[in-house]
Amino acid sequence: MIKLKKNDKIIIIVAVVILVIAGVGVAMYQSPKTTGNLPSNTTGEKSYDIIWTERKVTLPTISEFANKNSPYDGTFTIPEGNLKSITFNLSWTDDHMTVMKRMGLDRFHLDVTTPDGVTFIEINTSAPKTGEGTITHTVSTGIIPPISFKAADDQAAQAKLKEKPYYDDSWSNKEIKIIVGVKIGEIRILKKILDKGNDFELKISYQYYDGALKVDTTKNTGGNPTTPPDDFWVDEEITQPPYISMIISTGCGRYV
(Lines give C-alpha, C1' and ligand atoms only; values in the text may rest on other atoms or scores of the structure.)
Protein backbone atom coordinates (compact mmCIF):
# COMPACT_ATOMS: atom_id res chain seq x y z
CA MET A 1 0.00 0.00 0.00
CA ILE A 2 1.23 3.45 -0.94
CA LYS A 3 1.52 5.76 1.98
CA LEU A 4 0.43 9.34 1.30
CA LYS A 5 2.12 12.25 2.73
CA LYS A 6 0.15 14.62 4.91
CA ASN A 7 0.03 17.36 2.25
CA ASP A 8 -1.25 14.88 -0.34
CA LYS A 9 -4.06 13.86 2.00
CA ILE A 10 -5.15 17.46 2.43
CA ILE A 11 -5.18 18.04 -1.32
CA ILE A 12 -7.31 14.93 -1.91
CA ILE A 13 -9.79 15.93 0.81
CA VAL A 14 -10.18 19.41 -0.65
CA ALA A 15 -10.72 17.97 -4.13
CA VAL A 16 -13.39 15.60 -2.84
CA VAL A 17 -15.19 18.46 -1.07
CA ILE A 18 -15.16 20.55 -4.26
CA LEU A 19 -16.58 17.66 -6.27
CA VAL A 20 -19.35 17.10 -3.72
CA ILE A 21 -20.30 20.78 -3.69
CA ALA A 22 -20.32 20.88 -7.51
CA GLY A 23 -22.51 17.78 -7.67
CA VAL A 24 -25.02 19.27 -5.23
CA GLY A 25 -25.15 22.48 -7.29
CA VAL A 26 -25.81 20.58 -10.51
CA ALA A 27 -28.54 18.52 -8.84
CA MET A 28 -30.32 21.62 -7.45
CA TYR A 29 -30.16 23.64 -10.69
CA GLN A 30 -33.42 23.99 -12.60
CA SER A 31 -33.79 25.70 -15.94
CA PRO A 32 -36.11 28.77 -16.00
CA LYS A 33 -39.74 27.93 -16.53
CA THR A 34 -41.33 29.23 -19.70
CA THR A 35 -44.98 29.92 -20.41
CA GLY A 36 -46.94 29.55 -23.57
CA ASN A 37 -47.64 33.34 -23.73
CA LEU A 38 -44.57 34.79 -25.31
CA PRO A 39 -44.14 38.58 -25.31
CA SER A 40 -45.60 40.10 -28.44
CA ASN A 41 -46.17 43.60 -29.81
CA THR A 42 -49.26 42.51 -31.68
CA THR A 43 -52.73 42.69 -30.09
CA GLY A 44 -54.80 41.39 -32.96
CA GLU A 45 -56.05 44.92 -33.75
CA LYS A 46 -55.75 46.71 -37.06
CA SER A 47 -54.36 50.19 -37.48
CA TYR A 48 -56.57 52.64 -39.34
CA ASP A 49 -55.74 55.99 -40.89
CA ILE A 50 -58.48 58.62 -41.12
CA ILE A 51 -58.58 60.63 -44.32
CA TRP A 52 -60.25 63.93 -43.42
CA THR A 53 -62.02 65.94 -46.13
CA GLU A 54 -62.58 69.58 -45.22
CA ARG A 55 -65.97 70.33 -46.72
CA LYS A 56 -67.35 73.85 -47.14
CA VAL A 57 -71.09 74.54 -47.18
CA THR A 58 -72.59 77.88 -48.19
CA LEU A 59 -76.07 78.56 -46.84
CA PRO A 60 -78.69 80.56 -48.75
CA THR A 61 -78.14 84.32 -48.49
CA ILE A 62 -80.30 86.13 -45.95
CA SER A 63 -81.70 89.31 -47.54
CA GLU A 64 -83.52 91.29 -44.86
CA PHE A 65 -84.20 94.71 -43.38
CA ALA A 66 -82.73 96.07 -40.14
CA ASN A 67 -85.10 98.56 -38.52
CA LYS A 68 -83.59 101.37 -36.48
CA ASN A 69 -85.85 100.48 -33.53
CA SER A 70 -86.07 96.72 -34.01
CA PRO A 71 -83.01 94.82 -35.23
CA TYR A 72 -83.17 91.66 -37.28
CA ASP A 73 -83.15 88.67 -34.91
CA GLY A 74 -82.82 85.06 -36.07
CA THR A 75 -81.29 81.65 -35.44
CA PHE A 76 -79.90 78.82 -37.54
CA THR A 77 -78.40 75.38 -36.94
CA ILE A 78 -75.70 73.26 -38.54
CA PRO A 79 -76.42 69.52 -38.82
CA GLU A 80 -72.83 68.29 -39.28
CA GLY A 81 -70.39 67.42 -36.52
CA ASN A 82 -66.64 68.06 -36.44
CA LEU A 83 -67.30 71.70 -37.25
CA LYS A 84 -64.13 73.61 -38.08
CA SER A 85 -65.34 77.20 -38.55
CA ILE A 86 -68.26 79.49 -39.47
CA THR A 87 -67.80 82.63 -41.57
CA PHE A 88 -70.26 85.53 -41.56
CA ASN A 89 -70.23 88.15 -44.32
CA LEU A 90 -72.62 91.07 -43.83
CA SER A 91 -73.01 93.72 -46.54
CA TRP A 92 -75.25 96.76 -47.12
CA THR A 93 -75.55 100.08 -48.94
CA ASP A 94 -76.68 103.19 -47.08
CA ASP A 95 -79.84 104.50 -48.76
CA HIS A 96 -79.87 107.89 -47.01
CA MET A 97 -76.69 109.97 -47.12
CA THR A 98 -76.17 113.72 -46.66
CA VAL A 99 -73.69 116.46 -47.48
CA MET A 100 -71.78 115.20 -50.51
CA LYS A 101 -72.27 111.61 -49.32
CA ARG A 102 -69.79 112.02 -46.49
CA MET A 103 -72.07 112.55 -43.51
CA GLY A 104 -75.12 110.81 -42.12
CA LEU A 105 -73.63 107.36 -42.69
CA ASP A 106 -75.43 104.35 -41.19
CA ARG A 107 -73.55 102.11 -38.78
CA PHE A 108 -74.31 98.38 -38.61
CA HIS A 109 -73.53 95.84 -35.91
CA LEU A 110 -73.50 92.05 -36.15
CA ASP A 111 -73.97 90.01 -32.97
CA VAL A 112 -73.48 86.24 -33.00
CA THR A 113 -73.93 83.89 -30.03
CA THR A 114 -72.51 80.38 -30.42
CA PRO A 115 -73.97 77.22 -28.82
CA ASP A 116 -71.42 77.38 -25.99
CA GLY A 117 -72.70 80.83 -24.98
CA VAL A 118 -69.87 82.94 -26.42
CA THR A 119 -70.97 86.19 -28.10
CA PHE A 120 -68.98 88.38 -30.46
CA ILE A 121 -69.99 91.79 -31.78
CA GLU A 122 -68.60 93.42 -34.93
CA ILE A 123 -69.38 97.05 -35.89
CA ASN A 124 -68.70 99.00 -39.08
CA THR A 125 -69.85 102.24 -40.73
CA SER A 126 -70.87 102.79 -44.33
CA ALA A 127 -68.09 104.07 -46.57
CA PRO A 128 -68.17 107.72 -47.70
CA LYS A 129 -69.32 108.41 -51.28
CA THR A 130 -70.42 104.83 -52.02
CA GLY A 131 -72.34 104.23 -48.80
CA GLU A 132 -71.33 100.58 -48.96
CA GLY A 133 -70.34 98.64 -45.87
CA THR A 134 -69.21 95.15 -44.93
CA ILE A 135 -68.57 93.13 -41.79
CA THR A 136 -66.72 89.80 -42.05
CA HIS A 137 -66.00 87.53 -39.12
CA THR A 138 -64.94 83.89 -38.78
CA VAL A 139 -65.63 81.81 -35.68
CA SER A 140 -63.20 78.91 -35.24
CA THR A 141 -63.99 75.90 -33.07
CA GLY A 142 -60.32 74.93 -32.70
CA ILE A 143 -61.10 71.27 -33.45
CA ILE A 144 -58.29 69.22 -35.03
CA PRO A 145 -59.37 65.56 -35.07
CA PRO A 146 -56.81 62.72 -34.75
CA ILE A 147 -55.65 61.01 -37.93
CA SER A 148 -55.33 57.38 -36.83
CA PHE A 149 -56.42 54.77 -34.29
CA LYS A 150 -56.60 51.01 -33.71
CA ALA A 151 -59.67 48.78 -33.75
CA ALA A 152 -60.47 45.06 -33.78
CA ASP A 153 -62.14 45.10 -37.22
CA ASP A 154 -63.77 47.34 -39.82
CA GLN A 155 -67.13 47.40 -38.05
CA ALA A 156 -65.55 48.45 -34.76
CA ALA A 157 -63.50 51.08 -36.59
CA GLN A 158 -66.61 52.62 -38.18
CA ALA A 159 -68.28 52.77 -34.78
CA LYS A 160 -65.20 54.33 -33.23
CA LEU A 161 -65.12 57.00 -35.95
CA LYS A 162 -68.49 58.26 -34.66
CA GLU A 163 -67.23 58.71 -31.11
CA LYS A 164 -65.09 61.32 -29.41
CA PRO A 165 -62.35 62.39 -29.98
CA TYR A 166 -62.88 61.40 -33.62
CA TYR A 167 -66.34 62.96 -33.80
CA ASP A 168 -67.36 66.17 -32.03
CA ASP A 169 -71.06 67.04 -32.05
CA SER A 170 -70.99 69.81 -29.44
CA TRP A 171 -72.36 72.32 -31.99
CA SER A 172 -74.45 69.93 -34.08
CA ASN A 173 -78.10 71.01 -34.39
CA LYS A 174 -77.58 73.63 -31.69
CA GLU A 175 -79.06 77.11 -32.23
CA ILE A 176 -76.67 79.85 -33.30
CA LYS A 177 -78.21 83.27 -32.71
CA ILE A 178 -77.63 86.25 -34.98
CA ILE A 179 -78.70 89.88 -34.55
CA VAL A 180 -78.21 92.57 -37.18
CA GLY A 181 -78.86 96.12 -36.04
CA VAL A 182 -78.40 99.57 -37.53
CA LYS A 183 -77.90 103.05 -36.12
CA ILE A 184 -78.96 105.51 -38.77
CA GLY A 185 -76.65 108.44 -39.48
CA GLU A 186 -79.22 110.83 -40.98
CA ILE A 187 -79.00 114.22 -39.20
CA ARG A 188 -81.78 116.17 -40.91
CA ILE A 189 -84.89 116.02 -38.71
CA LEU A 190 -87.47 115.18 -41.36
CA LYS A 191 -85.18 112.75 -43.20
CA LYS A 192 -84.23 111.15 -39.89
CA ILE A 193 -87.88 110.49 -39.12
CA LEU A 194 -88.45 109.01 -42.56
CA ASP A 195 -85.29 106.84 -42.44
CA LYS A 196 -86.59 103.61 -40.92
CA GLY A 197 -83.42 101.57 -41.35
CA ASN A 198 -81.56 99.75 -44.08
CA ASP A 199 -81.55 96.60 -46.21
CA PHE A 200 -78.70 94.13 -45.79
CA GLU A 201 -77.45 90.76 -47.00
CA LEU A 202 -75.90 88.18 -44.72
CA LYS A 203 -73.96 85.25 -46.19
CA ILE A 204 -73.04 82.35 -43.93
CA SER A 205 -70.70 79.49 -44.77
CA TYR A 206 -69.09 76.83 -42.64
CA GLN A 207 -66.40 74.17 -42.85
CA TYR A 208 -66.40 70.75 -41.23
CA TYR A 209 -64.30 67.58 -41.26
CA ASP A 210 -65.70 64.50 -42.99
CA GLY A 211 -63.73 61.33 -42.23
CA ALA A 212 -63.12 58.13 -44.19
CA LEU A 213 -61.14 55.11 -43.00
CA LYS A 214 -58.18 53.39 -44.62
CA VAL A 215 -56.43 50.34 -43.17
CA ASP A 216 -52.79 51.11 -42.45
CA THR A 217 -50.70 48.07 -43.46
CA THR A 218 -47.33 49.72 -42.82
CA LYS A 219 -47.35 49.74 -39.03
CA ASN A 220 -48.64 47.87 -35.99
CA THR A 221 -49.71 50.81 -33.90
CA GLY A 222 -52.09 53.67 -34.51
CA GLY A 223 -50.12 56.59 -33.14
CA ASN A 224 -50.77 60.26 -33.76
CA PRO A 225 -48.01 61.73 -35.92
CA THR A 226 -47.50 65.41 -35.30
CA THR A 227 -47.06 66.10 -39.00
CA PRO A 228 -49.63 64.16 -41.04
CA PRO A 229 -49.06 63.37 -44.71
CA ASP A 230 -50.52 65.82 -47.23
CA ASP A 231 -53.18 63.39 -48.41
CA PHE A 232 -54.74 63.21 -44.94
CA TRP A 233 -56.50 66.54 -45.58
CA VAL A 234 -58.67 67.29 -48.61
CA ASP A 235 -60.70 70.44 -49.36
CA GLU A 236 -64.13 70.27 -50.94
CA GLU A 237 -66.75 73.00 -51.32
CA ILE A 238 -70.47 72.31 -51.36
CA THR A 239 -72.45 75.10 -53.01
CA GLN A 240 -75.80 73.33 -52.70
CA PRO A 241 -75.98 71.84 -49.17
CA PRO A 242 -77.79 68.48 -48.96
CA TYR A 243 -79.72 69.60 -45.90
CA ILE A 244 -79.87 72.73 -43.81
CA SER A 245 -81.87 74.19 -40.99
CA MET A 246 -81.92 77.92 -41.45
CA ILE A 247 -83.60 80.89 -39.88
CA ILE A 248 -86.52 79.85 -37.70
CA SER A 249 -87.43 83.16 -36.10
CA THR A 250 -87.15 86.82 -36.98
CA GLY A 251 -87.76 90.05 -35.17
CA CYS A 252 -87.63 92.65 -37.85
CA GLY A 253 -90.06 94.48 -40.11
CA ARG A 254 -90.13 96.74 -43.07
CA TYR A 255 -91.82 100.09 -42.78
CA VAL A 256 -93.48 101.46 -45.86
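The structure is a predicted model, in which local features need pLDDT of at least 70 and side-chain atom pairs count only at pLDDT 80 or more, while totals for chains, interfaces and linings use all residues. Residues are numbered from 1 along each chain as its sequence is written, and side-chain values use heavy atoms, with hydrogens and water left out.

## Overall fold

The secondary structure of the protein chain comes to three helices and 11 strands. Here helices (H or I, at least four residues) and strands (E, at least two residues) are DSSP runs, numbered from the N terminus. Along the sequence, these elements follow the pattern α-β-β-β-β-β-β-β-β-α-β-α-β-β.

Of the 256 residues in the protein chain, 34% are buried. A residue is called buried under 20% relative accessible area, exposed over 50%, and partly exposed in between (1.4 Å probe, protein chains only). The protein chain exposes about 16300 Å², and carbon and sulfur atoms supply 56% of this area. Accessible areas come from the Shrake-Rupley method with a 1.4 Å probe; for residues, only the protein chains shown count as cover.

A contact means heavy atoms within 4.5 Å. Among contacts in the protein chain between residues at least 6 apart in sequence, 84% join residues at least 24 apart.

## An open sheet

Four strands form an open sheet in the order β3-β9-β5-β6, with antiparallel pairing. Two strands pair if DSSP finds at least two bridges between them. Because β3 and β6 stand at the edges, each with a single partner strand, one side of each is left without a neighbour in the sheet. The twist averages 15° from one strand to the next; axes are lines fitted to C-alpha atoms, for helices over the stretch in contact, and angles run from 0 to 180 degrees between N-to-C directions.

Within this sheet, β5 and β9 pair in the antiparallel sense over seven bridges. V112 stands opposite I178 in β9.

## The nonpolar cores

In soluble globular proteins, nonpolar side chains tend to be buried together. A nonpolar core is a set of buried Ala, Val, Leu, Ile, Met, Phe, Trp, Tyr and Cys residues joined through side-chain atoms within 4.5 Å. The largest such core has 28 residues, of which I86 and F88 touch the most other members. Strands that each supply at least two residues of this core include β4 (83-93), β5 (107-113), β9 (176-183) and β10 (197-216). Apart from this core lies another, of 10 residues, among them I50, A157, Y166 and Y209.

Leaving aside its neighbours within four places in sequence, F88 is in contact with several residues, including F76, L110, V112, F120, I135, I178 and L202.

## Salt bridges

A salt bridge is a side-chain nitrogen of Lys or Arg within 4 Å of a carboxyl oxygen of Asp or Glu. By this rule the count comes to three.

| Salt bridge | N to O distance |
|---|---|
| D154 and K46 | 3.8 Å |
| K84 and E54 | 2.9 Å |
| R55 and D210 | 2.8 Å |

D154 lies in helix α2 and K46 in strand β1 (residues 46-58), so this pair ties together parts that are 108 residues apart in sequence. D154 is partly exposed, at 42% relative accessible area, and K46 is partly exposed, at 38%.

The second pair links K84 in strand β4 with E54 in strand β1, 30 residues apart. K84 counts as partly exposed at 25% relative accessibility, whereas E54 counts as buried at 13%.

R55 counts as buried at 17% relative accessibility, whereas D210 counts as partly exposed at 29%.

## Backbone features

Most residues other than glycine have a negative phi, and most peptide bonds are trans. A cis peptide bond joins K164 and P165, with omega about 0°. P165 is found in the loop between α2 (154-161) and β9.

N82 is not a glycine, yet N82 has a positive phi of about 50°. N82 is placed in the loop between β3 and β4 and is buried, with a relative accessible area of 2%. K129 also has a positive phi, near 70°. K129 lies in the loop between β6 (119-125) and β7 and is exposed, with a relative accessible area of 52%.
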